[in-house]
Each structure stands twice: as C-alpha cells, then as structure tokens.
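Open the structure in your viewer and keep the selection panel at hand.

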Amino acid sequence: MMTDMLIDGRLVKGAGAPVMVHNPSSGEVAATFPGASIDQFAAAIASARAAADKGVWAALKPSERVTVLRHFLELLVDQTAALKSLITLETGAPVGGFIIEAQVAGPLRQIGEMFDLYAKLPELEENPLTLEERINSSGGFVQSIKRYVPVGVVAAISAYNFPLHISLWKLMSALVTGNCVILRPSPLTPLATLALGEAALAAGLPAGVLHIVAEAGPEGATLMTSDPAVDMVSFTGSTEVGSKVAAQAAPSMKRLQLELGGKSAQIYLPDRIEAAFSAAIGVCLAHAGQGCVLGTRVFVPEADKPKVLAAMAASLAYARIGDSTDPTTTMGPVISAAQAARCERYVQLAVDAGATVVAGGKRPDRPGFYFEPTILDVPDNKNPAAQDEIFGPVVCVIGYRDVDHAVEMANDSSLGLSGYVYGKDARAALDVAKRIRTGTINVNSFFSSPTASIGGHKMSGVGREKGIEGFRAFQEIQVMNLGSAV
C-alpha cells in the first residue's frame with residue numbers, strides 16, 4: 001500500500017510521528033508508517049500558497065481544469081478494486097454490503113456527474129442594474145458584473161467513517177473551482193486517501209495544487225486551520241471538534257465549510273407505522289450506525305410503540321455481525337475500541353435515565369471493535385441517548401402523543417443535519433417535513449445526488465457541500481463595475 005505524502009508535486013516519506021492504522025474487524029495493527037511532520041505541513045501550506053498566488057491552476061479555463069480532473073477520476077476508477085480493499089481494511093465496511101459501494105463506486109460515479117454540473121455554471125453573471133444606473137454621471141455607460149473566483153488555498157480535513165467519499169467531494173469541488181488544496185485524512189483511516197497521490201501526479205496536476213498529508217496527532221491540522229496563508233477550511237467531523245476549528249480559523253477570518261454532527265429524527269405518521277419496523281436494521285446495517293445523517297431517533301405514536309419495538313427486535317435476527325472481509329457479514333465493527341466503549345457507555349446512561357434495552361446493548365465476545373445492534377425503548381427525548389450523537393448501532397424509539405408532539409421533540413436538539421418523515425398521505429407528510437429544523441429532510445425516501453446539496457442547521461455545521469452551493473462555497477464573489485471611457 002502507498003503511504004507516502006504528496007507535497008509540492010512529489011511523493012515523499014513522512015518525517016513525523018508514526019501513524020498506526022488498526023483493522024477494526026480484528027483489532028490488529030494493519031499498517032504503521034511515518035506521518036508528516038509539522039515542518040512538512042508547513043511546506044505543503046507554503047507550496048499551496050505560492051501556487052495559488054502564481055495562478056498556475058486558477059488561470060486555466062474551467063474546461064481545462066475539468067479535463068485534467070476527469071483524467072484523475074479515470075485513474076481512480078481503474079483502481080476501484082484496490083480502493084475497496086483499503087476501505088474494508090481500515091473502516092470495517094463489509095465487502096458484501098451496500099456500504100462499500102457508497103464508500104467507493106458511488107462517489108466515483110457522482111464525481112463525474114458533478115463535473116457535468118460545474119461545466120454548465122456561469123463564470124460571470126450580470127448584476128440587475130436599472131436603466132438609470134447604467135448611465136454614469138459623465139454620461140458614459142456602466143455595466144456591473146459578478147465574477148466567481150477561487151477562494152485560494154483550501155485546508156480540507158476529512159472524517160474516518162467515509163474517508164474516500166468525503167475526501168473526494170472536498171478536493172474535487174475545491175480543485176475544479178480553481179483552488180489549491182491541502183488534504184488531511186483522519187488518522188484512523190488514511191490509507192485510501194493517501195492512495196490518491198499517485199493518481200494526482202499521473203493526471204498532470206501542477207506542483208503545489210494538491211497536497212495530501214497524514215499525521216498521528218492534531219498538530220498539523222491545527223496549523224492548517226490557523227495559518228494565515230490558508231484562506232478556507234473545509235472540515236467534516238464532530239460538532240465538538242468543529243467548534244475548535246471555527247475558533248482557530250477566526251483570527252484570520254477564514255471561510256468555513258463545516259459538516260458536523262447529527263441526531264436525525266425519523267417521524268412515522270400513524271398511517272405509515274409499518275414502515276418503522278425496519279428502522280433499526282436500516283440504521284445499524286448502515287456502516288454500524290457510523291453515519292451523521294442516520295435517523296437514530298425514531299418517533300412513533302405512543303399506542304403503536306410496543307408492536308414497533310417487537311418488530312424492530314425481530315428484524316435484527318437478520319443481522320450477521322462479523323469480519324468485514326466475510327461476504328456474508330451484514331454488519332461490521334465500529335472504528336475503534338474507544339468507539340465501542342462509547343456505545344456501551346451511552347447505553348448505560350440511557351438505562352440510568354429510564355430507558356429499556358429491547359435488543360443488543362453490549363459488546364460481543366470476539367476480537368475486534370464490535371457492538372451489538374441495539375434498540376432502546378426511551379421514555380422521552382431528554383434521555384442522553386436521544387440528545388447526543390453516539391455514532392454507533394444504537395437506535396432510540398420514542399413515543400409521541402400527536403404530530404405536534406413529534407415535531408416538538410424532533411426539533412428539541414442542538415443538531416439539525418438531516419431528518420425523515422414517513423406517511424401514506426404525502427401532503428400531510430410534507431406539511432410535517434416543512435416544520436422540521438434541519439438542513440435536509442427526506443419524505444418517504446432517502447435521496448443522494450451530486451446536484452442536491454447537503455449541510456446542517458444549528459450546531460450541525462456551516463455551509464453546504466455538493467450541488468451548485470457546494471461549488472460556490474469554494475468561490476468568492478467579485479463585483480466588477482465597468483464604465484465606458486468618455
């Protein structure tokens with residue numbers, strides 16, 4: 001496997017503390033390699049700053065950048081099998097499940113569609129001046145134009161759960177809009193991201209345009225978020241760390257794009273209660289619950305709660321916990337021993353606050369970082385397991401008195417990343433969806449598209465990714481007022 005850093009157009013060995021990557025399925029060390037030193041992070045930032053200031057990438061026509069990046073993408077598509085193997089090794093995503101497709105093949109396909117969308121966007125837009133404003137005081141004509149220009153140097157910091165997917169969306173969106181990027185993967189899952197370096201060089205990206213640097217600790221990331229030479233930080237991770245990133249970026253007024261935690265609600269209206277029976281398996285089999293948009297709070301009518309809980313528990317009989325390389329495995333491990341312990345701790349906190357464990361609730365007796373798919377009968381939305389993002393296969397089922405009560409509880413959260421409403425009466429379901437304070441709301445479906453942006457409300461983040469808004473996040477607006485010479 002390739003563990004070199006990409007710095008200033010060259011693949012180099014790290015000169016910092018060793019990065020140790022564990023295989024979550026076994027708990028064993030899968031790879032150890034020297035991470036980037038703080039001096040190498042500084043060199044990457046300086047190289048990106050120089051390249052941005054010289055315009056070696058931004059000066060290219062958008063179509064020319066797209067051509068280079070399409071070649072980059074083609075090289076990655078050719079490596080699909082190898083990238084899947086790395087993702088399975090470092091994240092524990094099962095080889096036989098749909099999640100491995102969402103980890104690799106899905107984003108590779110959608111990135112190509114993203115380029116198609118970008119190619120249709122205007123570089124210039126005319127500002128709507130009135131006729132009177134179009135004549136200046138000297139009698140000449142005035143035109144006001146809005147230009148979309150690159151932000152400059154982007155620090156992209158990825159998360160561990162979908163490392164390649166998240167990294168690709170960040171770097172491709174930033175690169176296609178003309179920026180220079182320093183990309184830092186999570187220390188827990190850096191392998192697939194580091195594999196991008198060779199393809200970037202083979203595709204012909206100019207030196208200084210893309211840097212990929214991994215590290216064991218937070219020192220390099222802190223430099224990326226605080227160095228005045230960096231113009232923007234794009235971060236995906238927890239709300240706690242996102243708040244620190246925002247504070248580090250504030251003194252130099254960096255632009256921020258933060259996709260942070262979620263505690264999404266699933267509201268099942270009385271006419272669609274049978275759809276709730278599979279809610280637990282849908283969350284737990286989705287990468288062992290390690291997804292920020294997963295609906296881990298399930299709201300059902302109070303009278304229907306007992307049969308929903310029974311049906312959910314029965315559905316877990318189909319879950320097969322095991323090694324991620326076993327094609328019969330349907331639910332793999334969580335990322336680390338610490339994450340398994342976090343799941344265990346929150347189950348205990350939930351029980352202490354009045355919840356009942358209906359299914360699961362503990363770590364199975366086997367090597368690796370596993371936690372059983374868990375259903376909690378939770379008496380109210382104030383329970384710690386209903387308020388905090390656990391990031392594991394733990395689902396809270398909460399009863400509601402009426403629809404207003406369901407909406408009130410769904411909105412009773414500091415987070416607002418995603419959400420779901422299910423109802424046979426589509427108009428009634430839509431009316432409920434419009435009342436949920438969240439960045440994305442899904443009605444009777446789950447939808448992901450390169451043309452539809454994602455992003456959080458409240459403490460779930462700042463800015464959007466994907467779609468037109470995802471491109472514009474990496475661009476500044478410059479207004480040019482042009483007068484005719486008189």
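A contact means heavy atoms within 4.5 Å. By that criterion, residues 24 or more positions apart account for 72% of the contacts with a separation of 6 or more in the protein chain. This is a predicted model, in which local features need pLDDT of at least 70 and side-chain atom pairs count only at pLDDT 80 or more, while totals for chains, interfaces and linings use all residues. Residues are numbered from 1 along each chain as its sequence is written, and side-chain values use heavy atoms, with hydrogens and water left out.

Select the whole protein chain. Its C-alpha trace spans about 80 × 60 × 40 Å along the principal axes. Of its 486 residues, 55% are buried (under 20% relative accessible area, 1.4 Å probe, protein chains only).

Colour by secondary structure next. The chain has 16 helices and 22 strands, taken as DSSP runs (H or I, at least four residues, for helices; E, at least two, for strands) and numbered from the N terminus.

Now select the open sheet of seven strands, ordered β14-β15-β16-β13-β12-β18-β19 with mixed pairing; two strands pair if DSSP finds at least two bridges between them. β14 (356–359) and β19 (442–443) are at the edges with a single partner strand each, so one side of each has no neighbour in the sheet.

Move to β12 (residues 265–268) and β13 (residues 297–301), which pair in the parallel sense over three bridges. Here A265 is opposite R297 of β13.

Note on methods: Buried < 20%, exposed > 50% of the residue type's maximum accessible area, 1.4 Å probe, protein only.
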